[in-house]
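What follows is a short report for a reader who meets this structure for the first time. Please keep the sequence and the 3D view at hand while reading.

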Amino acid sequence: MSSAFSSAFFAGVRFEARMMRRDGAIWFALLILASVTLFALAMGASRVAAQQAEIAGARADETQRLSNLQKTLAHLQQGETQGKPTPEPPPYRDPRNAAFMGGGPAAAVAALAPAPLALVATGQSDMLPPAVRVTTGSKDSFLFADEIDNPANLMSGATDLAFVVVFVYPLVVLAMAFNLLAGEREQGTLGMTLASARRPSAALAGKLAARIAAPIAAMMLAGAAGVWIFAGGERFATPGFAALLVVVLLYGLFWAALAAAVDGLGRSSAFNALTLIGAWVAITMILPAAINSIAAFAHPAPSRTDMVLAARAASIDADRARDASLARYAQEHGDAEKPAGGPQEMTLRRLATQEAAFQRVEAIVAEHDAQLARQRDMADRLGYLSPAYLTYQAMADIAGSGETRYRAFLDRIRAFHIDWRAFFLSRAKAGASLTAQDYAAMPKFTQADEELVTCAPAGLASPLIGVALPMLILAIFAWRAFRRCGI
């Protein structure tokens, strides 16, 4: 950068900064932006606290349940050792019964702890519970056992930092930058500005930089202050915080470049305002909705409600098949005659019925998940049409509430579910009673190291490029317009 260009550029920055300091509307807009940012982070922090409380409650309940079962088991074993008659508990409360214990009383808690910057974006955390009780039943029996949040709240969306950045932040940037050339042209001061500057285009660029620096700085400073207040200063040392600042900066520069490019067309301030508002509506609302609609149309999948109902219907059908089988057995052998083999034979029959239902439900859930995966992949490809879509996805990944982290969590639950079923069902089929050693050796769900941290910065390269590339194209177009104006 030549000395003449730099001196003209910084002169434009200083002049515009003095003008902005005297404008009360600008201070009001920046104050509103900072206040909304702090409010959003406070709401995010409260949601993180609720998730942590839910996980702590689930783990405390698990500890209490296992402690009670082990106490009952010790009491029963003590009675057997001492030869004292001990009342036999019903099978569903008998800690020695592997078939029943693995299906509920001894269920293990699988939890996904909030990431360090979870207060930044809600993401998928409002649809999937942070803690689930894994049993020997099919996944629909515990993954979808809890009620989701209020549908009205889900429809309106969460007030988090991602919402403020994607929707509110661009409006302030556009309000600052939409009429730099048009406003001065309409006030009759553009000619004076150009004549007084040694490098007119550099002076105009400096004035634009001063205008866009104010909302970007306010957004980044308020965000940093909110993270420090509600999450602690140690979050500044995480790679995710640096990535968050980069996302906010690039997204703000994209809207600034768009405003400058439209202003460079040489039209009126009213034209610029209407055009930019239309672009904001298209980029932040219409395109993301269209992307999801196109992906859903190309790869239709049943709704979560339909999937759960289909899974439950498969389980009910299996129960009816078992009842029909028992009825036929009674007709063939007489009502008073019971199947040979005693209680163990009945247990094996019940387990066989449960396994048949499990296989049918798993097929339905697998088909649903595969279709959703195709939807997500297509939506991710189409997401490059909307910088707002990419920005939200990047912030959700930084917060640890994006698709990537939740997919990994669900995959680990699937693997743990297999181990859990194998542990209990193998003992139930063999007719073996659970012992104190079995309770100590039960599978434990542990959170993987990659689930404890946010998305690595390398994983954000693609969405950041998707925002930076159109920003650079618009900036080049705007710079050419400024140079033509400055000639």
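The report takes up the aromatic contacts, then the salt bridges, and then a strand pair and a surface patch.

The model is a predicted one, and a reader may begin by asking how many aromatic pairs the structure holds. The structure holds 11 aromatic pairs. In one of them, the ring centres of Phe409 and Phe445 are 6.0 Å apart and the ring planes stand at 85°, so this pair counts as edge-to-face. Because Phe409 belongs to helix α15 (residues 403-430) while Phe445 sits in the loop between α16 (436-440) and α17 (461-486), the pair ties together parts that are 36 residues apart in sequence.

Side chains of opposite charge can pair when their charged atoms come close. Across the whole structure, nine salt bridges are found, and the table lists some of them.

| Salt bridge | N to O distance |
|---|---|
| Asp61 and Arg65 | 2.9 Å |
| Arg376 and Glu403 | 3.5 Å |
| Asp438 and Arg427 | 3.3 Å |

Asp61 and Arg65 are four residues apart in helix α2 (residues 24-82), and therefore about one helical turn separates them. Is each of these two residues buried or partly exposed? Asp61 is partly exposed, with a relative accessible area of 34%, whereas Arg65, at 13% relative accessibility, counts as buried.

The salt bridge of Arg376 with Glu403 links distant parts of the chain, with Arg376 in helix α13 (residues 342-382) and Glu403 in helix α15, 27 residues apart. Asp438 forms a salt bridge with Arg427, and this pair connects helix α16, where Asp438 lies, to helix α15, where Arg427 lies, over 11 residues. Asp438 is buried at 13% relative accessibility, while Arg427 is partly exposed at 23%.

Elsewhere, strand β1 (residues 108-111) is covered on both faces, with Ala108 and Ala110 buried on one side and Val109 and Ala111 buried on the other. β1 pairs with strand β2 (residues 131-134) in the antiparallel sense over four bridges, and Val109 has Arg133 of β2 as its bridge partner.

On the surface, Leu38, Trp228, Ile229, Phe230 and Phe236 make up a nonpolar patch with about 480 Å² of accessible area together. Helix α9 (residues 200-230) supplies the largest share of this patch, three residues, and Ile229 lies in that helix.

How values were computed: Residues numbered from 1 in each chain as written. Predicted model: local features only at pLDDT ≥ 70, side-chain atom pairs only at ≥ 80, totals over all residues. Heavy atoms only, no water. Buried < 20%, exposed > 50% of the residue type's maximum accessible area, 1.4 Å probe, protein only. Helix = DSSP H or I, 4+ residues; strand = E, 2+ residues; numbered from the N terminus. Pairing = 2+ DSSP bridges. Patch = residues over 30% accessible without salt bridge, like charges linked within 9 Å, V, L, I, M, F, W, Y side chains within 5 Å. Areas by Shrake-Rupley, 256 points an atom, 1.4 Å probe, with all protein chains shown as cover. Salt bridge = Lys/Arg side-chain N within 4 Å of Asp/Glu carboxyl O. Phe/Tyr/Trp six-rings, centres within 6.5 Å; stacked < 30°, edge-to-face > 60°.
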